[in-house]
Amino acid sequence: MESSVAVPNRSCGTCRECCVALEISEIKKPVGVYCDLLCAEGCSIYQTRPDECRKFDCLWLEGQIPRWMKPNITHVVPWRNGVKGPDGQTVPILRMSFNHHFRHDKRVMRWIKKASHKLMVVLSDRSGSSCMIDGKIAAAKGHDDDIKDMKLTVKSGRIVGVETA
Ligand code: SF4
Ligand code: SF4
């Protein structure tokens, strides 16, 4: 997806993983599948690519996750997001969007479990999304990436419970 370089010594390079893992609503690209507009050289419509692509920086590029977790190695794209809590406040969550063509790596899953003790993690791929809190799957959705209609319990600015509506 090629984005601005956020920290020294980190750049997208040959990584194209967000062009696979993410949902891009503007071009109706689903989660976890290769974008039809991706070619060997990168994005075939680079100059006119959607804003969602243009503005996206993953957390690896921002230097907020370990170097070994570069998305083109792990096949999961980490990004920051927020959801509306019961009082209308925005609660931060961690998103991990997987390339559906690869199995989830055990080392990555250990890292995600640990992270879920600080923030709710939403794991998404082509088959659906799951929410992880404190190392356990708390709720799962069937087939898309939409978690907006989930019922959240928030304490001290952190999601501690989630139920499907
Ligand atoms: S997943 Fe991250 S490192 Fe890879 S191309 Fe996208 S923004 Fe760059
Ligand atoms: S439009 Fe271009 S930048 Fe956006 S997902 Fe497709 S290939 Fe990647």
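Modeller: Gladly! The largest nonpolar core has 31 residues, and those with the most contacts inside it are Ala 21, Val 77, Met 96, Met 120, Val 121, Cys 131 and Met 132. The elements that each give two or more residues to this core are α1 (18-21), β3, β4 (90-98), β5 (121-125), β6, β7 and β9 (158-163). Such a core is a set of buried Ala, Val, Leu, Ile, Met, Phe, Trp, Tyr and Cys residues joined through C-beta atoms within 7 Å; buried means that 20 or more other C-beta atoms lie within 10 Å of a residue's own, with C-beta atoms placed from the backbone. Helices (H or I, at least four residues) and strands (E, at least two) are DSSP runs, numbered from the N terminus.

This is a predicted model: local features need pLDDT of at least 70 and side-chain atom pairs 80 or more, while totals for chains, interfaces and linings use all residues. Residues are numbered from 1 along each chain as its sequence is written, with chains lettered from A and ligands numbered from 1 in the order written.

Now the sheet. Five strands form an open sheet in the order β3-β4-β5-β6-β7, with mixed pairing (two strands pair if DSSP finds at least two bridges between them). At its edges lie β3 (76-84) and β7 (136-141), each pairing on one side only. From one strand to the next, the twist averages 25° (axes are lines fitted to C-alpha atoms, and angles run from 0 to 180 degrees between N-to-C directions).

Strand β6 (residues 128-133) pairs with β7 in the antiparallel sense over five bridges. Met 132 stands opposite Ile 137 in β7. Leaving aside neighbours within four places in sequence, Met 132 is in contact (C-beta atoms within 7 Å) with Ile 112, Ser 116, Met 120, Val 121, Leu 123, Ile 137 and Ala 138.

How values were computed
A residue is buried if 20 or more other C-beta atoms lie within 10 Å of its own, exposed if 12 or fewer, and partly exposed in between; C-beta atoms are placed from the backbone. Two residues are in contact if their C-beta atoms, placed from the backbone, lie within 7 Å.
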